[in-house]
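Walk me through this model, please.

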Amino acid sequence: MQRSPVHIAPSVMQEHRFLEVFRDQEARLFALALRMTKSAEFAQDLVQETFLKLWEHREQMPDIRNMDAWLYRVMENRLMDFLRKAAADERLRERIWSALAQEPPSPATITEAREYHALVSKAIDQLPPQRRLIYRLNREEGMSYLEIADELKISRHTVKNQLSSALQAIRAFLVKTTGPLSVLLTFFYFR
C-alpha cells in the first residue's frame, strides 16, 4: 500500500515563510527605522507595522520577486508617514528632538549631516538669484516675509511664493540626488 504525499496546508506554509522572512529582515529594518527616528520605541512600532503589512499580503508572498525591496518600500512609506505626523504633531516632534539630544552623534552621523548640508547648499546655489536671496534672508537671516518684501521692494505674496518654490526645488534636488529616503528628511527639516 502506497502512502500519498503529505500535504501542508497553505496557511501553515504562509506562516512558515512569513517567520522566515521576519527572522531574516527584522534586524535590518529595525536598524533603518532606528537610524531615521533615533528612538527604539518608534523604530519597533514601524517594524511591526511593516510586518503587519506583509502579513496582510501573505497570500501574495510567493509572487513577490524581491522581498528585500518590497519590505524596504513598505518601511520607507511607514517612515514617511511617521515623519509627516512628526512634522505636524508638536509633542511627537519634541520627543524626537529629546531623543536626539540625549545621544551623542556618532562619527557616521556627523559625516552624514555634513554631506546632507553640502547637498542642501548645492541645491540652494542652483536656485535663481532672487529666489536664492529670499531663501537665505528667510532661513539664514531669520527675516519675516514682510521684512524681506520691504527690503527687496516686492510684495509679501511674491516673497511667500518664491520661498515656497525654493523649498520645492530643494526637495526635488535632494530626491533626485540621494533617492527617495531623502524625502523623509525633507519633510522633517523643510517645513
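Arginine 78 is buried, because its relative accessible area is 18% and the cut-off for buried is under 20%. This is a predicted model. Arginine 78 still has a charged partner: it forms a salt bridge with aspartate 81, with 4.0 Å between the closest N and O atoms. Both residues belong to helix 3. They are 3 residues apart, about one turn of the helix. Aspartate 81 is partly exposed, at a relative accessible area of 39%. The pair does not stand alone. Salt bridges with shared partners link Glu49, Arg78 and Asp81 into one network.

Helix 3 spans residues 67–88 and holds another such pair, arginine 73 and glutamate 76. Their salt bridge has its closest N and O atoms 2.6 Å apart. How accessible is glutamate 76? Glutamate 76 has a relative accessible area of 2%, so it counts as buried. Arginine 73 is partly exposed, with a value of 45%.

Now turn to helix 1, residues 10–37. Here arginine 17 and glutamate 20 lie 3 residues apart, about one turn of the helix. Their side chains meet in a salt bridge of 2.9 Å, N to O. Arginine 17 is partly exposed, at 32% relative accessibility. Glutamate 20 is partly exposed too, at 32%. The structure holds 5 salt bridges.

Step back to the fold. The protein chain has 9 helices and 0 strands. From the N terminus on, its elements run α-α-α-α-α-α-α-α-α. The chain has 191 residues, and 34% of them are buried.

Glutamate 141 sits in the loop between helix 6 (129–139) and helix 7 (145–152). Glutamate 141 is exposed, because its relative accessibility is 56% and exposed means over 50%. Glutamate 151 is in helix 7. Glutamate 151 is also exposed, with a relative accessible area of 51%.

The last stop is lysine 153, in the loop between helix 7 and helix 8 (156–178). Is lysine 153 buried or exposed? Lysine 153 is exposed, at a relative accessible area of 73%. Its backbone deserves a look as well. Most residues other than glycine have a negative phi. Lysine 153 has a positive phi, near 60 degrees.

How values were computed
Residues numbered from 1 in each chain as written. Predicted model: local features only at pLDDT ≥ 70, side-chain atom pairs only at ≥ 80, totals over all residues. Heavy atoms only, no water. Helix = DSSP H or I, 4+ residues; strand = E, 2+ residues; numbered from the N terminus. Buried < 20%, exposed > 50% of the residue type's maximum accessible area, 1.4 Å probe, protein only.
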